[in-house]
Structure formats: structure tokens, C-alpha cells
Amino acid sequence: MSTNKHSHAQWGSRLGFILAAVGSAVGLGNIWRFPYMVGQNGGGAFVFTYLICIAVIGFPILIAELMVGRRGQSNPITAMARVAEQNNRSTAWASVGFMGVLAAFLILSFYSVIGGWSINYIAKVGMGEFTGISADAVGNVFTGMLGDAKELLKWHTVFMLFTIVIVAFGVTSGLERASKLLMPLLGVCLVAMVGYGMFSSGFSAALDYLFSPRFGDINAEVILSALGHAFFTLSLGMGVMISYGSYLGREINLLRTASIVVVMDTGIALLAGLAIFPIVFANQLDPSQGPGLIFITLPVAFGKMGGGVIIGVIFFALLTFAALTSAMSLLEPVVELLEEKTPLNRAFSTIVSGAVTWILGIAALLSFNEWSSFKILGFNIFDFLDTLTGKFMLPLAGLGVIIFVGWFVHRKIIREELHISGTSELVWHIVARFVAPIGVIIVFASQILDLLGYKLADLLAYFG
Ligand code: TRP
């Protein structure tokens, strides 16, 4: 990235940007959250709904965020305000950016706790703790870790420190270099694990589970979870992609870049599913057990396979790396904002925002043990943060961005940014104005109906 006095810094190359954007998108969301969401929401029914959400809602919103960032050349809040001004709209649109930055604190706090689990598992696998033990015993190791607040705190702290150090050193040096090597390696490692799964007795059951949706299982909860996850996994609704877009040069093709990010991110998630579910079915584990899923299934396989210790260490090291590149992107918008709005320099902005997130993370990790009976609206703190951000804040902020870009940004600007005209322009308008926003709104409406005790399917049947 090169900086000069008159303009905002720019990415060194298109490849550099793609790696960083993929680095943000690919993380715990793909490998930890996706499989357990699949397991909790009926398998194929979830995968199917998720793929649709990615294509018709996530993809256009990703483009919209990158576009606002590149036009606004600033942090998410200022960028929204600037683009609104350029279009003679109210700068109140900046509030959408604000909600995003707030969500960053909340997400990063629990994200760091899971990142800590991943670091901890590098050590556990490396010391042979899982070698030759039963699936039940692997489960006990995980439950033991959850019950130990000090242990969780230690690794959460290590993860957060890594994140802070990397972010403090700036965009290029931190993000670009390492991703080039490690992201592809993560892909290779997953492919190898899918290969291992192919020879297990659970493979065909896993294929069936993931890719033969029972459409009757698709209900409001599944749809809302799938939508929320589409936002989470693509790093949307939080201003991350607005921030990143602000470093993106004019000459870069947004549509193409966004497609690459979406394809890579979805590919990694599906690979993770194909790696994990054969192990689940071959060992009669429970697919719907929740956030512990990969930490209970994968070590079972690492414990059995030849060279499992080495492969396991490599795997959790790569997962930690992927988590770190995502965590940096969660901290980035906050730091960028503090840097621009306060006298703090980059290092101090990073430390201050990192420290606040760290403290919130402690509350999240205590909900697995000391504070497990403390509930907000029936959720423990961890689940509350996850649900509030994933199911509400991200989709709402994303809705704000797509409505803004679809309805309030001049067509001329859209043409310039996306280099589209004629039919492709028409398609963009239909998607940005109607399909994507209405999709999000329907999901919310069905959730509210569901809360009121109605099922969308019943209503449709009634009108049909
Ligand atoms: N997408 C990341 C993952 O899948 C998580 C993440 C990073 C994120 N930045 C984000 C989620 C911004 C929402 C918003 O692990």
C-alpha cells in the first residue's frame, strides 16, 4: 500500500486486496460457525437456504459496501456520510455505518474467545492429548476446557494480543503478506481432510445430510440463521468491506473482485462441511451439539489417523491464522475511526479498542462457566452477543447499505463504479432495489410472525 499526502492510502495490488478481503471473509465463520449452524438447522435445508442468501443478498450487499467505501474514501461512518452528500442525501445515513462499528466490538469479543480455543487446540493436539482416545473422551476434553475460566481467559488474551499487535503495524505489512501463503494452505489442508473423510464410513451420510435438503425443514428460524450467517461469513453489515473498499483503487473491477471473494468463502465453508460431517456420522456424534462441534469431531479424526498429530497441529495453526486475519478486519474499522476522529495515533487507537473488546470477551467466556446461569432474554452472554449481532445488527446494517445504494445513489455513480450498462444495469437495479432488500425484510417479518406464533408457511397456504 502506498500513501501520499493528498489521497487516502491504496492497496498495493488487486491481488493484495483480494487476499485481504478473502482473509477477512474466511475465518471461524467458515470452519467453526458454518458446520455447527448446519447441524443445528437441519443440514441440507440450511445449506440450501444459505447458498440462496449468499447469491441474492450477500453478493449484492458486498458490492454495495465496497462501492460506498471506494466512493467515500474513509471509515464506514464518514464514507456513508460523504457518499450521501455527493448524492444530496441526508448525512443521517452515517448512522448505518455507526451501527456497523458498534457491532465490531460485540463480534470481536466473542470471536476472540473462539480464536483462543483454536490456539489452545494447537497445543492439545500437539501434545498428543487426543491420540487413541474415544470420541467421548474427546468430548470431555472440550467440556473440561469450557469449565475452566482461567484457561479460557489465558487463550482469549493471547488471541487478542496477536490481533492488536498485527493491526497496530498497519494494513499492508500485517494483512497482505501472510495471506498469500497461508490462505491457500488452509484450502489444501481442508481438501486433504475431505480426502480422509471420503474413506470413512460416514461420507455418503454426510453428502446426503449436506446436499439433499428436506424442504419441509425450512422454517423462519432456519432462514434467519442462514441469512445471519451469510452476513457473518462475508464480513458484511459491519463496515469492514466499506473500510476495505476505501483502500481500493479506481481501476479495480468491483464485480469481479466481489465474485472471487464470494466463491472462495463459500468454497471453504463447503469444504469444511465435507471434512467434518463424515467424522460426525462415522463416530455417531451429535451434529446439532452447537459451538463445540469442530472441537469435538476433528480431534477424534486426528487421534485416529496416521500422522494425525502433525496434521492436527497444522490444521489448528491455519485455523488460528484464518481467525486472526478476520479478527484484524473486525478491529480495523474501529481503529480507522479513532485514528481519524481523535488525536490518538494508530498504535494507541488499536490498544484502546483492543482493550475494550478484550474486557467484553471476558464476559463472553465467563458465560461458559462462572456466569452460565446469568441470562439476558433467555440467552447467556455469549449466545446473546452472537444472536444480537448475527441475526439483528448485521442484517439491519446491511439492509441500510443496500437500500441506500439501490435507491439513493445516482445511476451515473453506479455506472461509473460497476462499469455496467443496458441489461446488466437493469439486473443490478432489480436486485439492489427489490430482491436483496425485500429478501432481508421478509426474513425479519417471518421472524416476527414466528415470535407471534404464526408460521409463514401456514400464512402462504392460507392465501394460496
Ligand atoms: N467473516 C469472518 C468469518 O467468517 C468474521 C468476520 C470478520 C466478520 N469481519 C467481519 C463478520 C465483519 C461480520 C462482520 O470468520
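## About the model

This is a predicted model, in which local features need pLDDT of at least 70, side-chain atom pairs count only at pLDDT 80 or more, and totals for chains, interfaces and linings use all residues. Residues are numbered from 1 along each chain as its sequence is written, and side-chain values use heavy atoms, with hydrogens and water left out.

## Around the ligand

Let's start with the ligand's neighbours. The ligand is surrounded by 18 residues, each with a heavy atom within 4 Å of it. Ala25, Gly29, Tyr111, Phe232 and Ser235 are the closest. By class, ten of the shell residues are nonpolar, eight are polar and none is charged (Ala, Val, Leu, Ile, Met, Phe, Trp, Tyr, Cys and Pro count as nonpolar, Asp, Glu, Lys and Arg as charged, and the others, Gly among them, as polar).

Backbone N or O atoms also come up to the ligand. One from Phe232 lies 2.8 Å from a ligand nitrogen atom, and one from Leu28 lies 3.1 Å from a ligand oxygen atom. Taken alone, the ligand exposes 360 Å², and the protein buries 100% of that (Shrake-Rupley method, 1.4 Å probe).

## The largest pocket

Now for the pocket, which is an open set of points on a 1 Å grid over the protein atoms alone, with protein on both sides within 12 Å along at least five of seven lines. Its lining has 19 residues, with Gln40, Glu221, Phe379, Thr387 and Lys391 nearest the centre; lining residues have an atom within 4 Å of a point. Eight of the lining residues are nonpolar, six polar and five charged.

Notes:
A polar contact is a pair of N or O atoms within 3.5 Å; within protein, one must be able to donate a hydrogen and the other to accept it, and residues adjacent in sequence count only if both atoms are side-chain atoms. On a 1 Å grid over the protein atoms alone, a cavity is a set of points where a 1.4 Å probe fits but cannot get out, and a pocket is an open set with protein on both sides within 12 Å along at least five of seven lines; lining residues have an atom within 4 Å of a point.
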